[in-house]
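The sequence and the structure are shown first.

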Amino acid sequence: YRLLDLCGATDTLIGDADGIYHPGLFNDRLLLGLKGTMSEAELHVLRARLNGGIRNKAERGELRRGLPIGLVFGEADGEVLLDPDEAIQGAIQTIFDRFSEMGSARRVWLHFRSEGLLFPSRQHRRADIRWVTPTYTKIHEVLTNHVYAGVYIYGRTRFERFVDDNGNVRKRIRKRPQSEWPVFIRDHH
């Protein structure tokens, strides 16, 4: 509305596919306001439909999201398979085997370090695999990642808007308690 006020005060016309409007005239300003309201409503409906489609796909376990090292998507919707690279499969299996034997993520990490074993790593989904010395954090992530257990989860976090101390609107991610996760499918893959 500030822009419409400025256009009306400077006799600037606004045009679209339907016509040309002078924001200084009551009827034209009313029509521009109505068009703006309708556009906002349309955007709301489109956003709701898109979010609903994403949610429905997630509820079926078919929404493709990033997979950890050692797992890849199959051809069918929601299909998750082991990585065909046997070296990668072996590294992941070694972590789980050593954990069942030793009972501690730290001891698994120390075993990898003492034996000089490497771990597959990738910066992002399309990057090449690099073999690196694993960190404790990486070993712990493998052991606690729900995807390796065959569980499909969607909605563990939510975006929140808040006003900071300076009055700026900011966004942050908040973790939800497990009881509030909208999608939790055991034995998905």
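## Helices, hairpin and local contacts

Helix α2 (residues 26-59) has 34 residues and extends 49 Å from its first C-alpha to its last, close to the 50 Å expected at 1.5 Å a residue. The expected span of a helix is 1.5 Å times one less than its number of residues. The model is predicted, so local features need pLDDT of at least 70 and side-chain atom pairs count only at pLDDT 80 or more, whereas totals for chains, interfaces and linings use all residues. Residues are numbered from 1 along each chain as its sequence is written, and side-chain values use heavy atoms, with hydrogens and water left out. Helices (H or I, at least four residues) and strands (E, at least two) are DSSP runs, numbered from the N terminus.

**Helix α2.** Asp-28, Leu-32, Gly-33 and Ala-58 are buried in α2. Here buried means under 20% relative accessible area, exposed means over 50%, and partly exposed lies in between (1.4 Å probe, protein chains only). The cover over the buried residues of α2 includes α1 (2-9), β1 (14-16), β2 (19-21), β7 and β10 (183-185). Gly-61, which follows α2, has a positive phi near 75°.

Helix α3 has 17 residues and spans 23 Å between its first and last C-alpha, close to the 24 Å expected at 1.5 Å a residue. Its buried residues are Ile-88, Ala-91, Ile-92 and Ile-95. These residues cover an arc of only 90° around the axis, which puts them on the same side of α3. The arc is that of the directions from the helix axis to the C-beta atoms. An α-helix has 3.6 residues a turn, so residues three or four places apart point the same way. On the other side of α3, Glu-86, Ser-100 and Glu-101 are exposed. The buried residues of α3 pack against α4 (105-115), β5 (119-121), β6 (130-132) and α5.

In α5, the buried residues are Ile-139, Val-142 and Leu-143. They cover an arc of only 95° around the axis, and are therefore on the same side of α5. Their packing partners are α3, α4 and β5; contact means heavy atoms within 4.5 Å.

**Aromatic pairs.** Rings of Phe, Tyr and Trp (its six-membered ring) pair if their centres lie within 6.5 Å; planes under 30 degrees apart count as stacked, over 60 as edge-to-face and the rest as tilted. By this rule there are three aromatic pairs. In one of them, the ring centres of Phe-96 and Tyr-148 are 5.8 Å apart and the planes are at 65°, so the pair is edge-to-face. Phe-96 lies in helix α3 (residues 86-102) and Tyr-148 in the loop between α5 (136-144) and β7 (152-154), so the pair ties together parts that are 52 residues apart in sequence. Phe-96 is partly exposed, with a relative accessible area of 28%.

**The β8-β9 hairpin.** Strand β8 (residues 157-163) pairs with β9 in the antiparallel sense over seven bridges; two strands pair if DSSP finds at least two bridges between them. The two strands form a hairpin with five residues between them, and Gly-167 in the turn has a positive phi of about 85°. Among the bridge partners in β9, Lys-171 is that of Arg-161, and Arg-170 is that of Phe-162. The charged end of Arg-172 sits over the ring of Phe-162, 4.0 Å from its centre. For this arrangement, NZ of Lys or CZ of Arg must be within 6 Å of the ring centre and within 35 degrees of the ring normal. Of the seven residues of strand β9 (residues 169-175), the number buried is zero, so β9 lies largely in the open.

**Surroundings of Phe-73.** Phe-73 lies in strand β3 (residues 71-73) and is partly exposed, with a relative accessible area of 25%. Leaving aside neighbours within four places in sequence, Phe-73 is in contact with Arg-64, Arg-65, Leu-67, Glu-79 and Val-80. Phe-73 and Asp-83 are ten residues apart in sequence, and their C-alpha atoms are 8.8 Å apart in space.
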